[in-house]
Amino acid sequence: MVNIIVEKYNYGFRIILSETESYFIKDQEGKYCLIESEINRELRDISSSVYEDFGVKNLDELFCLLIKKPEEVLRMLTGDDLQIDKVVVEYYES
């Protein structure tokens with residue numbers, strides 16, 4: 001079982017899977033999301049995905065889906081079948 005931390009900002013959110021691995025997701029032109037894969041909070045890779053791939057319409061709906069069904073969202077992001085025990089959300093003003 002894995003605990004994840006989600007840092008929510010006005011412009012996107014970061015999913016922290018471990019001390020070294022995280023993903024930052026932000027909106028791109030309202031049509032798709034930009035997914036930044038990070039190691040030690042440094043950019044490793046950038047990809048994008050249309051919201052429809054996640055079954056949502058926008059970044060806010062993707063955030064809500066992550067909170068409701070974290071295993072499903074993480075499977076789509078990482079390809080790994082993780083068992084999530086707890087999701088901790090931290091809100092930040094920007």
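## Close-up views of a predicted model

Among contacts in the protein between residues at least 6 apart in sequence, 35% join residues at least 24 apart; contact means heavy atoms within 4.5 Å. The model is predicted: local features need pLDDT of at least 70 and side-chain atom pairs count only at pLDDT 80 or more, while totals for chains, interfaces and linings use all residues. Residues are numbered from 1 along each chain as its sequence is written, and side-chain values use heavy atoms, with hydrogens and water left out.

View 1. Helices (H or I, at least four residues) and strands (E, at least two) are DSSP runs numbered from the N terminus. Along the sequence the pattern is β-β-β-β-β-α-α-β. The radius of gyration of the protein is 12 Å, close to the 12 Å that the globule rule gives for 94 residues, so the protein is as compact as a globular protein of that length. The radius is taken over C-alpha atoms, and the rule is 2.2 Å times the number of residues to the power 0.38.

**View 2. An open sheet of 6 strands has the order 5-4-3-2-1-6 and mixed pairing.** Two strands pair if DSSP finds at least two bridges between them. Strand 5 (42-50) and strand 6 (84-91) are at the edges with a single partner strand each, so one side of each has no neighbour in the sheet. Strand 1 and strand 2 pair in the antiparallel sense over 5 bridges, and I5 stands opposite I16 in strand 2.

**View 3. Helix 1 and helix 2 pack at an angle of about 115 degrees, their axes 5 Å apart.** Axes are lines fitted to C-alpha atoms, for helices over the stretch in contact, and angles run from 0 to 180 degrees between N-to-C directions. From helix 1, L62, L65, L66, I67 and K68 meet P70, E72 and V73 of helix 2. Helix 2 also lies across strand 1, strand 2, strand 3, strand 4 and strand 6, at about 85 degrees to strand 6.

**View 4. The largest nonpolar core holds 21 residues.** Such a core is a set of buried Ala, Val, Leu, Ile, Met, Phe, Trp, Tyr and Cys residues joined through side-chain atoms within 4.5 Å, buried meaning under 20% relative accessible area with a 1.4 Å probe, protein chains only. I4, F13, I15, I25, L62 and L77 have the most contacts inside this core. Its largest share, 5 residues, comes from helix 1. Leaving aside neighbours within four places in sequence, L77 is in contact with I15, I25, I35 and F54.

Definitions and conventions: Buried means under 20% relative accessible area, exposed over 50%, partly exposed in between (1.4 Å probe, protein chains only).
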